[in-house]
Amino acid sequence: MTRNAHFLLLSACCAALSACYLAPIQPPAAQPTIAPYPAMPPAATRRLLSARLYPANDPAATIGMMSGTIVVPEIGRGEFSLTIDDEFYQGEATRDPDSTHGKANAWGNRSGYLKCEYSMRTPTLGSGSCKLWNGAWFDIHIGPEIAP
């Protein structure tokens, strides 16, 4: 056989096989379903609370009074943020809907951290205590955000 004959034979085989289609014998296995996170409610249903931290020991007194915000999205978990000595802290505040007690933790952009425990007397008023990474203790007062 010549070189052209081999090429023609190979081309004919490729053309014949290109018309073939393989179909699976069994249907594909069912994919597991993953429950999505609950969607964030619209901004109209979210509350903005203020978090004011007052010094409760000597290391905290050198820092002074601070204020931050808690964005409450009505699903038991909110966003907690504040600035301490030029370090921005951001984290979350959580509370079981059936309880008045909650926790708030925030991590700073320079590796500091803040841990708080609080109790809500009403949906918008609460208090508790916070401990900064350096041993400074603060009393926290939570209340409705006051518009400027």
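These notebook entries record what I looked up in a predicted model.

**Basis.** I worked with a predicted model in which local features need pLDDT of at least 70 and side-chain atom pairs count only at pLDDT 80 or more, while totals for chains, interfaces and linings use all residues. Residues are numbered from 1 along each chain as its sequence is written, and side-chain values use heavy atoms, with hydrogens and water left out.

**Entry 1: Glu87.** I located Glu87 in strand β4, residues 87-95. Strands here are DSSP runs (E, at least two residues), numbered from the N terminus. I then asked which side chain of opposite charge is nearest to Glu87. Buried means under 20% relative accessible area, exposed over 50%, and partly exposed in between (1.4 Å probe, protein chains only). A salt bridge requires a side-chain nitrogen of Lys or Arg within 4 Å of a carboxyl oxygen of Asp or Glu. I noted that a polar atom of the Glu87 side chain lies 3.0 Å from the backbone nitrogen of Gly112. Leaving aside residues up to four places away in sequence, Glu87 touches residues including Leu82, Arg110, Gly112 and Trp133 (contact means heavy atoms within 4.5 Å).

**Entry 2: salt bridges.** I searched the whole structure and found two salt bridges. In one, the side chains of Arg77 and Glu92 meet at 3.0 Å, N to O. This pair links strand β3 (residues 77-84), which holds Arg77, to strand β4, which holds Glu92, 15 residues apart. Arg77 is partly exposed at 41% relative accessible area, and Glu92 is partly exposed at 34%.
Lys103 forms a salt bridge with Glu117, with the closest N and O atoms 3.7 Å apart. Lys103 lies in strand β5 (residues 101-108) and Glu117 in strand β6, so the pair ties together parts 14 residues apart in sequence. Lys103 counts as partly exposed at 47%, as does Glu117 at 49%.

**Entry 3: nonpolar core.** I recorded 25 residues in the largest nonpolar core, where Leu53, Phe80, Leu114 and Phe138 have the most contacts inside it. Strand β6 (residues 113-120) supplies the largest share, four residues. Such a core is a set of buried Ala, Val, Leu, Ile, Met, Phe, Trp, Tyr and Cys residues joined through side-chain atoms within 4.5 Å.

**Entry 4: aromatic pair.** My search of the whole structure gave one aromatic pair. Trp107 and Tyr113 are stacked, 6.3 Å centre to centre with 10 degrees between the planes (ring centres within 6.5 Å; planes under 30 degrees apart count as stacked). Trp107 is exposed at 52% relative accessibility, whereas Tyr113 is partly exposed at 37%.

Technical notes:
Lys, Arg positive; Asp, Glu negative; His and termini not counted. Polar contact = N/O pair within 3.5 Å; in protein donor to acceptor, adjacent residues only side chain to side chain. Phe/Tyr/Trp six-rings, centres within 6.5 Å; stacked < 30°, edge-to-face > 60°.
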